[in-house]
Amino acid sequence: MAQLVKLQDYVSRYQIDLKRYPTQFVRLKKQQWDRTKEEWERGSFNADWIEKEEEVVVEYEKKSLFSILFPKHKKEITEEIDWQNDELTEEVPIPEESSTLLFEPKLVYKPQTIEELKRMYLDQLFHFQLKWASSTLREKSYVDPKYMRDSLLRDLTQKLPDNYFLFYYPILKLKKAPIELDIILILPTEVVCIVVLEDKTSDAFIGSGERFWLKKSGKEEKKILNPTINLNRMESILGQIFEKQEIELPIKKVILSRNGYIDYPGNSFHTEFIDTRKFPEWFLSLKSSHSPMKHMQFKAAQAILDLVQTTSYSRSSWDLGSEETNE
């Protein structure tokens, strides 16, 4: 399940500590899945389980005088962390966590197979992930309900590995002006910029080097803005950020249409056109990376996070506003 690092201009806990929260999320996901699976196998599912949204503060372990005077050897600490976080790389030190949201899956029906159980679990985890990606201990953002129904966002988060960072239409603030980008996937060894072309099933997009492309939907034809303009702008912005921060990651460009056809005669200038015919193979290849998280990947994500725009409310103000609305 890819890490939803930034969704539009919503507040992100990853902005506070990019190295802590990926670890917490992976650990939480694994612990709750193990618990859910075990309960299901024993047939002792608790139908009263609820999804809690409260913030839980985890106290630091109290250290004895002996442990202070004789701290564990560095190697021993590293081995413990690797055991708890086998999906992360040893290149990235794991800080102690101070707080986390609590996620417990809710039984809405009794799954008959392990696949049904997994589907139910992932669907609820997806909703939790939206909350995870739009709140901090002190702030939260209003999440547009459309993201709950966004099948592409769901596919990218649910089907890609934990070690991928996803920026979903992030808004950057460059030279005091907000600029909305499209989709950025930061893999351990590369960055993929994605512009989506999707409307009705089987729409055909006729591309060219001109400012406008042609979209054919049945007998209807309509001009749309050439998507490579946004794609090239996104590549240029990231390229400048990476150069300034001395980040060395290749940037790939993709124009994606899961349910339509793309026809682009001529030179594509290092851009991949992935339509309904190529999507299954491309997506299978995209999610097949088994490389652990890398230092350069964190550096790239942090460089982007340092420039994002955030619109949020303090939790107290939000709660007060809700109360006023209810009145």
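**Terms put to the test**

Visitor: Why is Asp155 called buried?
Guide: Asp155 has a relative accessible area of 17%, and buried means under 20%, exposed over 50% and partly exposed in between, with a 1.4 Å probe and protein chains only. Asp155 is therefore buried. Please bear in mind that this is a predicted model, in which local features need pLDDT of at least 70, side-chain atom pairs count only at pLDDT 80 or more, and totals for chains, interfaces and linings use all residues. Residues are numbered from 1 along each chain as its sequence is written, and side-chain values use heavy atoms, leaving out hydrogens and water.

Visitor: Where does Asp155 lie?
Guide: Asp155 is part of helix α6, residues 151–159. Helices (H or I, at least four residues) and strands (E, at least two) are DSSP runs, numbered from the N terminus. The protein has ten helices and 16 strands.

Visitor: What makes the pair Asp155 and Arg258 a polar contact?
Guide: Their side chains are joined at 3.4 Å. The term asks for a pair of N or O atoms within 3.5 Å; within protein, one must be able to donate a hydrogen and the other to accept it, and residues adjacent in sequence count only if both atoms are side-chain atoms. The 3.4 Å pair of Asp155 and Arg258 counts as such a contact.

Visitor: Which residues does Asp155 touch?
Guide: Leaving out residues up to four places away in sequence, Asp155 touches Leu160, Arg258 and Phe283. Contact means heavy atoms within 4.5 Å.

Visitor: Is Leu160 buried or exposed?
Guide: Leu160 is buried, because its relative accessible area is 2%. Leu160 sits in the loop between α6 and β5. Met1 is 159 residues away along the chain, yet the two C-alpha atoms are separated by 5.3 Å. With residues up to four places away set aside, Leu160 touches Met1, Ala2, Asp155, Leu185, Phe283, Leu286 and Lys287.

Visitor: Why does Pro178 count as exposed?
Guide: Pro178 has 52% relative accessibility, so it counts as exposed. Pro178 is found in strand β7, residues 177–180.

Visitor: What makes β1 and β5 a pair?
Guide: Two strands pair if DSSP finds at least two bridges between them. Four bridges join β1 to β5, and these strands run parallel. Leu7 stands opposite Tyr168 in β5.

Visitor: Which residues have the most contacts inside the largest nonpolar core?
Guide: They are Tyr168 and Ile186, in a core of 79 residues. Helix α5, residues 114–132, gives the largest share of this core, with nine residues. A nonpolar core is a set of buried Ala, Val, Leu, Ile, Met, Phe, Trp, Tyr and Cys residues joined through side-chain atoms within 4.5 Å. Ile186 is in contact with residues including Phe165, Val191, Leu249 and Ile304.

Visitor: What span does α7 have?
Guide: Helix α7, residues 227–244, reaches 26 Å from its first C-alpha to its last, close to the 26 Å expected for 18 residues. Its buried residues include Leu231, Met234, Leu238 and Ile241. An α-helix has 3.6 residues a turn, so residues three or four places apart point the same way. After α7 comes Glu246, with a positive phi near 55°.

Visitor: How much of the protein is buried?
Guide: Buried residues make up 44% of the 327 residues.

Terms used:
Expected span 1.5 Å × (residues − 1).
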